[in-house]
Structure formats: structure tokens, C-alpha cells
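Colleague: I would like to learn how to read the features of a model such as this one, going from the whole chain down to single residues. Could we take them in turn?

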Amino acid sequence: MRILVVDDSLPTRILLVKYLSTWGYESLTARDGAQAYDIVCREQVQMLITDWMMPEMDGLELCRKIRASSLPGYVYTIILTARDSKSELVTAMEAGADDYLSKPFDRDELKVRIRAGERILNLEKELADRNRELQTAYSTIREDLQAAARLQKRFLPPADRNVSNFRFDWIFVPSRFVAGDTFNYVRLDERFLGFFLIDVAGHGVPAAMLSFTLSRALSSGELFAAALPGTQAGGSRSTPAPSAVMALLNRRFVADDETMQYFTMICGIIDLREAAVTVSTAGHPPLIQVSADGRLRKVGSESFPLGLYPQIEFEESTFTMMPGDRLFLCSDGVTDCSGPAGEPFSQERLAARFKEARALPLHGVIQDLEYTLGDWHGSRDFEDDITVLAVERAKEAEDVH
């Protein structure tokens with residue numbers, strides 16, 4: 001360790017340098033505070049032993065300048081002085097000194113004071129090293145999460161898109177880098193189109209991993225095959241049954257006792273030929289239907305989330321969408337979004353907002369809701385993922401695939 005000795009007395013500097021050499025320390029010397037401060041700024045100095053009364057710049061002013069500067073490391077400071085009153089001790093400590101020793105000083109006492117300072121400096125270095133390691137680890141994790149977030153968004157469906165006269169749009173604002181929410185709409189064949197919105201319990205990477213797995217499993221369309229009309233295990237079916245998709249997921253993704261990772265879901269299938277929609281829900285906020293003339297309807301029965309009880313059966317609702325009708329699937333992050341006083345946005349406010357904005361195009365409704373939630377919460381740093389999938393039956397035929 002390198003120690004700077006500062007004293008206007010040459011004999012005192014020589015004596016201190018001799019002691020320090022005997023104790024195994026490297027030393028530098030300065031005759032006053034101004035020269036000492038210049039050395040501290042140029043050289044790597046870990047400790048300073050300085051006299052109080054000196055010309056040019058005294059020990060107190062030296063301490064103050066060092067504490068006010070942006071040095072790369074901490075400089076531990078011991079003040080030597082003939083002053084030994086309590087008030088002067090307080091003055092020295094307030095100036096930035098770490099220790100105080102009265103003159104004439106005892107050789108052994110000085111040694112133990114230096115050893116104590118050395119231990120403090122070693123602890124400070126260890127802490128700084130660990131902080132650097134943590135910062136490096138945090139940067140790596142941050143970069144990985146940013147990459148995962150980009151990948152998650154890459155698999156989201158196109159926004160503001162028309163598929164066989166049904167328009168789709170959405171909001172997706174993760175509360176963290178990656179989200180536990182996911183959604184998609186999938187063309188199953190020439191007649192049927194499937195859609196879903198999933199909200200995995202919890203936050204962070206575990207929820208996002210399950211969310212991503214579920215999204216990939218459903219977005220391929222293979223799981224929806226169990227829901228389409230035709231000959232199925234147990235008999236034939238003339239209408240789509242999204243409840244079959246729910247049952248399949250419920251058996252396949254059973255929560256284990258350690259993580260208890262379950263998820264809520266809305267799953268629906270649109271018969272493009274008949275404009276009929278069949279919907280099934282599992283522990284999720286109900287789907288909101290807004291008719292062209294402004295009538296509101298909530299669709300979806302109460303049920304357990306998926307992943308908890310493998311043998312549960314799920315109910316369905318079927319209805320026809322008239323031209324101009326809209327459907328809104330929302331995660332509970334929307335209705336639970338808190339205002340400044342902690343009040344949730346609520347299903348009632350959400351439905352009223354959709355009704356008030358029915359004159360806007362679908363994309364305008366989505367933008368309006370996103371701005372409204374940001375204003376309600378006071379920022380876009382939401383506590384939970386904000387996810388909305390919107391569907392509209394166009395008033396005029398417009399087939400874009």
C-alpha cells in the first residue's frame with residue numbers, strides 16, 4: 001500500500017517514512033497541502049497521513065479538496081496534530097478526515113491506526129470489485145432479456161390487418177423486458193380462423209418462457225385441429241369447439257407443485273363463411289362485444305385457470321358478428337391498471353371507453369385505449385402486462401391475406 005506523508009517539518013517526514021518502511025509500506029512525501037493534493041491527483045495513493053497546521057494549504061483544507069474531487073479510489077486520511085480537544089476532533093472529521101492522532105504520537109498507536117485504515121480500504125476494494133462483477137452480470141442479463149423481448153415481439157401477429165373481412169389489431173406493453181401475456185390469430189383453413197389471448201401467472205423469465213411455449217404450440221394451428229368440425233375422437237361435430245383446445249392445453253401443461261405455474265386464456269374460432277364466433281374462457285376476464293350501434297355484451301363464463309385441474313370441462317358461447325361489430329380480448333393488466341390513488345381502471349371503465357370510441361376506426365380505438373391507460377396510470381411503466389386483442393367484422397368486403 002502506498003502512503004503519502006504530508007508535514008512541513010522535515011524531521012517528522014523522515015521519521016514517518018522510516019516507520020512506514022519498517023512496517024512494509026511504500027511512502028511518498030509532501031511539505032504542504034498544495035503539494036500533497038497535486039501528488040494525490042497524479043499518483044496512486046491509498047492513504048494520507050497529514051499534519052493539521054501547514055503553510056500554503058493546511059490539513060483540513062487538503063481533506064476537503066480530496067473529498068470534493070473525483071479521484072478513482074478512496075483516500076483514507078489520518079490527521080496528526082498537537083490539538084486534542086473534542087471540538088477540534090469534530091472539526092477534523094467534518095472536514096473529511098477518517099482518523100485523528102495527537103502529537104507527539106505513539107509509534108505503536110500509529111501502526112494500529114494504519115492497520116485499521118488498511119482493513120477498511122481492503123473492504124472497500126472488495127466491495128468495489130463485487131459491484132463491478134454484479135454490474136457485468138446485470139449487463140449480460142439485461143442484454144439477454146432485451147434479445148428475448150425482441151424475439152417475443154417478432155412472433156406477434158401483424159397489427160391492423162384484414163383477414164377475409166375480419167380486421168385484427170392489438171396493444172402489447174410488457175411490464176418488464178419480457179411478458180407473460182401472449183396472443184395470436186391463425187388462419188386454420190379456408191373457412192375457419194382461430195384466435196387466443198393467454199396470461200401466464202407471475203412475471204419475468206419463467207412466465208415468459210411458458211407464454212412463448214404456449215404461443216408457438218397454438219400459432220402452428222395444429223392444436224386447433226381438435227376443435228374443428230369433422231370426425232373427432234368420441235364422435236362427429238358440425239361446429240367448432242375451442243373448448244377442446246382448452247382441454248388439450250389443460251392436460252398438457254399441468255402446473256407442478258414447485259412452480260404452480262398456471263395461466264388464464266380466451267380461445268375462439270371464427271366461421272368466416274357464417275360470421276359465427278365460438279368462444280371459450282378459462283379464468284380470464286370476459287370478452288367484450290361492442291355492436292355497431294353501441295350495445296355492449298360480456299362473453300365468457302367463470303372457470304378455473306388452465307394447468308390446475310386436468311379433468312375440468314370448459315363451456316362455450318356462440319354468437320354471430322354483424323358488420324361493424326367488434327370484440328375485445330384483454331388481459332387483467334388492463335382492468336387492474338392502477339390510477340394515482342391506486343384505483344383500478346376496471347371492467348366498467350374499459351367497456352365504457354370502447355363504447356365511447358366506437359365511431360373511431362379499430363386502430364384508433366386501440367391507440368385511444370393505450371393513451372388512456374398511460375394517462376390513468378401516470379406513466380407507461382405498468383405493474384402488469386397490458387395486452388388487448390381486437391377483432392372487427394368489416395362493413396365492406398375486403399379480403400387481404
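Predicted model: local features only at pLDDT ≥ 70, side-chain atom pairs only at ≥ 80, totals over all residues.

Colleague: What should I expect of the side chains along a strand, and which residues point each way from S9?

Modeller: In a regular strand the side chains alternate between the two faces of the sheet. In S9, Phe192, Gly194, Phe196, Ile198 and Val200 point one way, while Leu193, Phe195, Leu197 and Asp199 point the other way, and all are buried. Strand S9 (residues 192–200) is accordingly described as mostly covered, with nine of its nine residues buried.

Colleague: Which residues lie on each side of S1?

Modeller: Arg2, Leu4 and Val6 lie on one side of S1, with Ile3 and Val5 on the other, and all of them are buried, leaving both faces covered. The partner of S1 is strand S2 (residues 26–30), joined to S1 by five bridges, and these two strands run parallel. One of the pairings is that of Val6, whose bridge partner in S2 is Ala30.

Colleague: How should I read a helix, and which residues of H7 are buried?

Modeller: An α-helix has 3.6 residues a turn, so residues three or four places apart point the same way. In helix H7 (residues 242–252), the buried residues are Pro242, Ser243, Val245, Met246, Ala247, Leu249 and Asn250. Their cover includes helix H6 (204–219), strand S12 (263–271) and strand S13 (276–282).

Colleague: Why does Ser243 count as buried?

Modeller: Ser243 counts as buried because its relative accessible area is 15%, and the cut-off for that class is under 20%. Leaving aside residues up to four places away in sequence, Ser243 touches Ser280, Phe314 and Glu316.

Colleague: What does Gly333 touch, once residues up to four places away in sequence are not counted?

Modeller: Gly333, which lies in helix H8 (residues 332–335), touches Asp384, Asp385 and Ile386 on that count. Gly333 is buried, with a relative accessible area of 4%. The C-alpha atoms of Gly333 and Gln367 are separated by 17 Å, these residues being 34 apart along the chain.

Colleague: How many helices and strands does the protein chain have?

Modeller: The protein chain has ten helices and 18 strands. Its radius of gyration is 35 Å, well over the 21 Å that the globule rule gives for 401 residues, so the chain is more spread out than a compact globule. The C-alpha trace spans about 105 × 45 × 35 Å along its principal axes.

Colleague: What share of the residues counts as buried, and what share of the contacts joins residues at least 24 apart?

Modeller: Of the 401 residues, 47% count as buried. Among contacts between residues at least 6 apart in sequence, 67% join residues at least 24 apart. The chain exposes about 20,000 Å², of which carbon and sulfur atoms supply 50%. As for charge, the mean positions of the 44 positive and 59 negative charges are 3 Å apart.

Key. Residues numbered from 1 in each chain as written. Heavy atoms only, no water. Helix = DSSP H or I, 4+ residues; strand = E, 2+ residues; numbered from the N terminus. Rg over C-alpha atoms; globule rule 2.2 N^0.38 Å. Buried < 20%, exposed > 50% of the residue type's maximum accessible area, 1.4 Å probe, protein only. Contact = heavy atoms within 4.5 Å. Areas by Shrake-Rupley, 256 points an atom, 1.4 Å probe, with all protein chains shown as cover. Lys, Arg positive; Asp, Glu negative; His and termini not counted. Charge placed at Lys NZ, Arg CZ, Asp CG, Glu CD. Pairing = 2+ DSSP bridges.
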